[in-house]
Amino acid sequence: MKPYRIPQLAKPYTDYDMIQRHTELPPFSDGRGHLLYIFLGHGRGAGFQSGELFTLVTGLVQLGLDTHESIDRYHDEPGGDVMRSRQLKVLAGDYFSSWFYHLLAKHEQIEMVGVLSTAIADFNVMKANLYGKMKEMFFTAEQYLKHTVQLNMRLFLSFTPMIEEPLRDSWEKLLVEFSQYETVTQELRRGGDPVSALEGYCYWKVLESATEEERQLLGEQKLDNRDWKKLKLRSKCDALLTDKLHASLQSIQGLLQGIKDEELISELSGALDRLLLQMKISGQAAVEG
């Protein structure tokens with residue numbers, strides 16, 4: 001099995017100066033991708049020969065969907081940096097997603113085009129349902145997080161039939177925990193200021209205990225960073241999210257202890273170490289930024 005190198009393989013399709021100069025892209029789904037690559041490559045399941053290709057195109061599609069999801073929908077000023085960033089994200093998201101069809105067709109993986117297309121359609125339906133619940137405003141932070149983790153798993157779950165049957169239970173349980181870990185890390189970063197936090201986990205958590213005046217200020221986006229941090233501290237958002245990170249980490253370690261295959265344990269431990277290292281680096285960058 002080749003060493004995991006999907007982020008490097010993705011760079012020719014994602015690294016463009018114009019995009020990097022004018023907007024910020026969401027992180028690549030490296031933890032889930034690494035997990036998928038290991039399970040597709042382990043044993044002799046249907047995805048064994050094309051594990052690298054399938055993982056690459058899934059990562060590109062996920063990046064495209066996440067890029068569209070990160071578009072600022074709350075500022076309508078014509079022109080300027082916000083407008084440019086929004087336009088670039090629309091184009092970049094379409095561009096990243098389009099590569100899955102091109103690369104799979106080039107390698108004559110037509111059946112896989114259909115599998116991923118179905119997963120993308122399901123993702124969009126799930127996202128629409130999530131937005132519908134958010135509009136009702138009777139939505140808890142825990143419900144939001146549960147739905148978001150399920151969204152972030154959807155593309156990767158479509159590969160379950162290609163994984164050897166004895167490994168599927170471990171694959172699905174680990175995918176839940178890796179998805180939870182990556183989602184919670186993103187929510188911690190997103191909650192840093194009231195604008196990026198809007199409609200994220202911290203936003204819904206703060207709303208649960210907010211006064212009418214505070215709810216109005218949140219809705220009108222009139223909270224400054226200082227007041228936002230006070231509300232977050234009162235709601236214990238960061239502490240709750242950090243506890244969830246530790247819980248996912250313990251669950252992953254517990255699941256690894258239940259696997260008997262030493263080679264698979266070694267590969268999965270490497271994926272976990274890489275995930276922890278990247279989260280540490282991105283967390284440090286966020287603090288320094």
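Tutor: Before we start, one definition: Ala, Val, Leu, Ile, Met, Phe, Trp, Tyr, Cys and Pro count as nonpolar, Asp, Glu, Lys and Arg as charged, and the others, Gly among them, as polar. Please also keep in mind that this is a predicted model.

Student: Happy to. How do the residues that line the largest cavity divide into nonpolar, polar and charged?

Tutor: The lining consists of Asp30, Gly31, His34, Ala271, Arg274, Leu275 and Gln278. Ala and Leu are among the nonpolar types, Asp and Arg are charged, and Gly is one of those counted as polar. The division is therefore two nonpolar, three polar and two charged.

Student: Which element gives the most residues to that lining?

Tutor: The cavity has a volume of about 30 Å³. Two elements, helix 3 and helix 13, each give two or more residues to its lining. The element that gives the most, with four residues, is helix 13.

Student: How does the confidence look, and in which helix is it lowest?

Tutor: Across the chain the mean pLDDT is 89, and 93% of the residues score at least 70. The top of the range is helix 7 (residues 141–157), at 96. Where pLDDT is low, the predicted coordinates should not be read in detail. The lowest mean, 79, belongs to helix 13 (residues 262–288).

Student: Let's turn to the rings. Is the aromatic pair of tyrosine 4 and tyrosine 37 stacked, edge-to-face or tilted?

Tutor: The structure holds nine aromatic pairs, and in this one the ring centres are 5.8 Å apart. Planes under 30 degrees apart would count as stacked and over 60 as edge-to-face. Here the angle between the planes is 55 degrees, a value that makes the pair tilted.

Student: How many residues apart in sequence are the parts that this pair ties together?

Tutor: Tyrosine 4 lies in the segment before helix 1 (6–14), and tyrosine 37 is in helix 3 (residues 30–41). Both tyrosines are buried. The pair ties together parts whose separation in sequence is 33 residues.

Student: How far apart in space are serine 85 and isoleucine 71, C-alpha to C-alpha?

Tutor: Serine 85 is in helix 5 (residues 80–106) and is buried, with a relative accessible area of 17%. Beyond residues up to four places away in sequence, serine 85 touches His22 and Thr23. Serine 85 and isoleucine 71 are 14 residues apart in sequence, and their C-alpha distance is 8.0 Å.

Student: How many of the eight residues of helix 9 are buried?

Tutor: The buried residues are Tyr201, Cys202, Tyr203, Trp204, Lys205, Val206 and Leu207. They pack against several elements, including helix 6 (110–136), helix 7 and helix 8. Helix 9 (residues 201–208) is largely enclosed by the rest of the structure because its buried residues number seven.

Student: One last topic, the backbone. What is the phi of glutamate 108?

Tutor: Glutamate 108 has its place in the loop between helix 5 and helix 6. At 69% relative accessibility, glutamate 108 counts as exposed. Although this residue is not a glycine, its phi is positive, at about 55 degrees.

Student: Where is lysine 236 found?

Tutor: Lysine 236 is also a residue other than glycine with a positive phi, near 60 degrees. At 55% relative accessibility, lysine 236 counts as exposed. Its place is the loop between helix 11 and helix 12.

Technical notes: Residues numbered from 1 in each chain as written. Predicted model: local features only at pLDDT ≥ 70, side-chain atom pairs only at ≥ 80, totals over all residues. Heavy atoms only, no water. Phe/Tyr/Trp six-rings, centres within 6.5 Å; stacked < 30°, edge-to-face > 60°. Buried < 20%, exposed > 50% of the residue type's maximum accessible area, 1.4 Å probe, protein only. pLDDT = per-residue confidence, 0-100. 1 Å grid on protein atoms, 1.4 Å probe; cavity = no way out; pocket = protein on both sides within 12 Å on 5 of 7 lines; lining within 4 Å. Points joined across faces, edges and corners; volume = space filled by probe spheres on them. Contact = heavy atoms within 4.5 Å.
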